[in-house]
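Me: Please go through the model below by question and answer. Where would you start?

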Amino acid sequence: MNFSFPKDFLWGAACSSFQIEGAWQEDGKGISCHDKYARIPAHQDLYRYGGPDDGADFYHHYREDIDIMVEHGLKSFRFSIAWPRIFPDGPDKINQPGIDFYRDMFSYANEKGLNLLIDLYHWDLPQWVLDRGGVASREFITWFEDYARVCFENFGDQVQYWSTTNEPSVSVFGGYIGGDLKSVGRFPPFECDKVKAFAACHNMNIAHMRAVKLYRRMGLKGKIGAVIDAVPCYPYSISSKKDWEAGERAFDFYAGKWLGPMLLGKYPESMTACFHEDMPENYAEELTREYEPIDFIGNNYYEPHYAEYIPEKPYFKAAADPEIGEAREREEFVGMKPYPVGLYDIMLLLEEKYHPKEIIITENGMSVKRDETNISKPSNIHDENRIRYMRAHIMMLARVLKLGINITGYHVWAVEDTYERTSGYRHDYGLIGIDYDTKERIPRDSLKWYSEFIQANT
Ligand code: FCB
């Protein structure tokens, strides 16, 4: 059997600004929501391992890191711009050193021939945005559009692919309500307000469309889309028709509230049928008026969801894993269960339901826990387990490509060890290990394996 990959396939790796940059107060950067909430005692359940202050210090090491990526044959680097570096205190004043940093870094990546896929907003909302009402405020649309304009004006000639947002189910909707639609959200501003959650969702969709329109008006040459975490939602019991249906509804609700507007110009019917009352006024008309199609959809895949039909809450995924019949013991962001077939299924599902012009896999990866007694040292440099993980997922990708679905890139999360909100620096996702004392970069075996694989397939 012969699987092959297109020669110009974007084999890459991803990271985001706040998760590796460090330099949290340097060169005029403002405070992000994580900088703030990590310092509030009441939020220590989520931020018990601190904030993203220092970390891998990519801010001062980007040349070295880009060199390592390029030496290992990576073709694409997915990263994000820290909005609080560009607009530190409010919507009026631009911070020139922030612009200079990204301009220099992107120009270095361009020189080395690395494709750039850049998110405008990957989770580090400036705190001033939250102080003025957050994504739930209508003003958010203008703030976002102005920020997008500054980014396009300054970096539009350097970036090949733009994404407006990353996983907004977590960072936008999830800031205002918990997954059961009753509890407090698990993301700043940690509110419990369903109406605000839907307002924030709608505002994010409109802000996204305005940015896409603006990009087109400016006549820039790259492509623009968004990054979502759509995953298959399997029935808890495969003998229950109702569980299958609940799975579809749960998918429509979790991922469709972004995919629908962004790819089809409307919210999924199963969602509006249930939540019409909670949605902002005239949401459907506004969406039709503002709709602007995207060039590609980025999708992050880690593990699937499961749904069970429960009459009183027909939407929500079951926490339980049917293989073991109960909720898995796990710390957040670690112990995500590798399930490579899910990657195949989600690509098929996206194609079938939304027919995107182009799909890019923007995140896929696994973490390994650091040694608690030696927390500044990277774990697992000889990471056979990660190689097996990548191999299994890349094989699934090969199978979907054979069906003719237009997938043009795959990015491992992460380029290097990252800060994760709930686990601080305790779980390593990196192809490159970071020693947090010395800031030494140590390529893991998985990076060497990936490098050989890329070489053999381009
Ligand atoms: C994804 C996020 C990314 C990282 C990984 C582990 O949900 O997009 O920033 O935290 O999980």
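Reply: Glutamate 167 has a positive phi although it is not a glycine. With helices (DSSP H or I, at least four residues) and strands (DSSP E, at least two) taken as runs numbered from the N terminus, glutamate 167 lies in the loop between strand 4 (161-166) and helix 8.

Me: What kind of model is this, and what pLDDT do side-chain atom pairs need?

Reply: Residues are numbered from 1 along each chain as its sequence is written, and side-chain values use heavy atoms, with hydrogens and water left out. The model is predicted; totals for chains, interfaces and linings use all residues, local features need pLDDT of at least 70, and side-chain atom pairs count only at pLDDT 80 or more.

Me: Is glutamate 167 buried or exposed?

Reply: Buried means under 20% relative accessible area, exposed means over 50%, and partly exposed is in between, with a 1.4 Å probe and protein chains only. Glutamate 167 has 8% relative accessibility, so it counts as buried.

Me: Where does aspartate 27 lie, and what is its phi?

Reply: Aspartate 27 is in the loop between helix 1 and helix 2. At 41% relative accessibility, aspartate 27 counts as partly exposed. Although not a glycine, aspartate 27 has a positive phi of about 50°.

Me: Which residue follows helix 11, and what is its phi near?

Reply: Helix 11 (residues 256-264) is mostly covered, with eight of its nine residues buried. Among the buried residues are Trp258, Leu259 and Met262. Helix 11 is followed by glycine 265, whose phi is positive, near 80°.

Me: Which peptide bond into proline 189 is cis, and what is its omega near?

Reply: Proline 189 is placed in the loop between helix 8 (168-171) and helix 9. The cis bond runs from proline 188 to proline 189, with omega near 10°.

Me: What is the omega of the cis peptide bond that joins tryptophan 413 and alanine 414?

Reply: Alanine 414 lies in the loop between strand 14 (407-413) and strand 15 (427-428). For the cis bond joining tryptophan 413 and alanine 414, omega is about 20°.

Me: How many salt bridges does the structure hold?

Reply: A salt bridge is a side-chain nitrogen of Lys or Arg within 4 Å of a carboxyl oxygen of Asp or Glu. The number in the structure is 30.

Me: How far apart are the closest N and O atoms of lysine 29 and aspartate 35?

Reply: Lysine 29 is buried, at a relative accessible area of 13%. Aspartate 35 is also buried, at 2%. The two form a salt bridge whose closest N and O atoms are apart by 2.8 Å.

Me: How many residues apart in sequence are the parts tied together by aspartate 278 and lysine 194?

Reply: Aspartate 278 and lysine 194 form a salt bridge, with the closest N and O atoms 3.5 Å apart. Aspartate 278 lies in the loop between helix 12 (269-275) and helix 13 (283-290), and lysine 194 in helix 9 (residues 194-217), so the parts tied together have a sequence separation of 84 residues.

Me: Which helix holds both lysine 241 and glutamate 245?

Reply: Lysine 241 and glutamate 245 form a salt bridge, with closest N and O atoms 3.2 Å apart. Lysine 241 is exposed at 62% relative accessibility, while glutamate 245 is partly exposed at 35%. The two are four residues apart, about one turn, and both lie in helix 10 (residues 241-254).

Me: Which residues do salt bridges that share partners join into one network?

Reply: Side chains of opposite charge can pair when their charged atoms come close. Here the residues joined into one network are Glu145, Arg210, Lys213 and Glu290.

Me: Why is the pair of tryptophan 83 and phenylalanine 144 given its class, and what is that class?

Reply: Rings of Phe, Tyr and Trp (its six-membered ring) pair if their centres lie within 6.5 Å; planes under 30 degrees apart are stacked, over 60 edge-to-face, the rest tilted. The whole structure has 45 aromatic pairs. For tryptophan 83 and phenylalanine 144 the centres are 5.8 Å apart and the planes at 70°, so the pair is edge-to-face.

Me: Which helices does the pair of tryptophan 83 and phenylalanine 144 link?

Reply: Both tryptophan 83 and phenylalanine 144 are buried. The two residues are 61 residues apart, and the helices are helix 4 (residues 83-86) and helix 7 (residues 139-155).

Me: How far apart in space are glutamine 127 and proline 84, C-alpha to C-alpha?

Reply: Glutamine 127 is in helix 6 (residues 127-131), and at 7% relative accessibility it counts as buried. Glutamine 127 and proline 84 are 43 residues apart in sequence, and their C-alpha to C-alpha distance is 7.9 Å.
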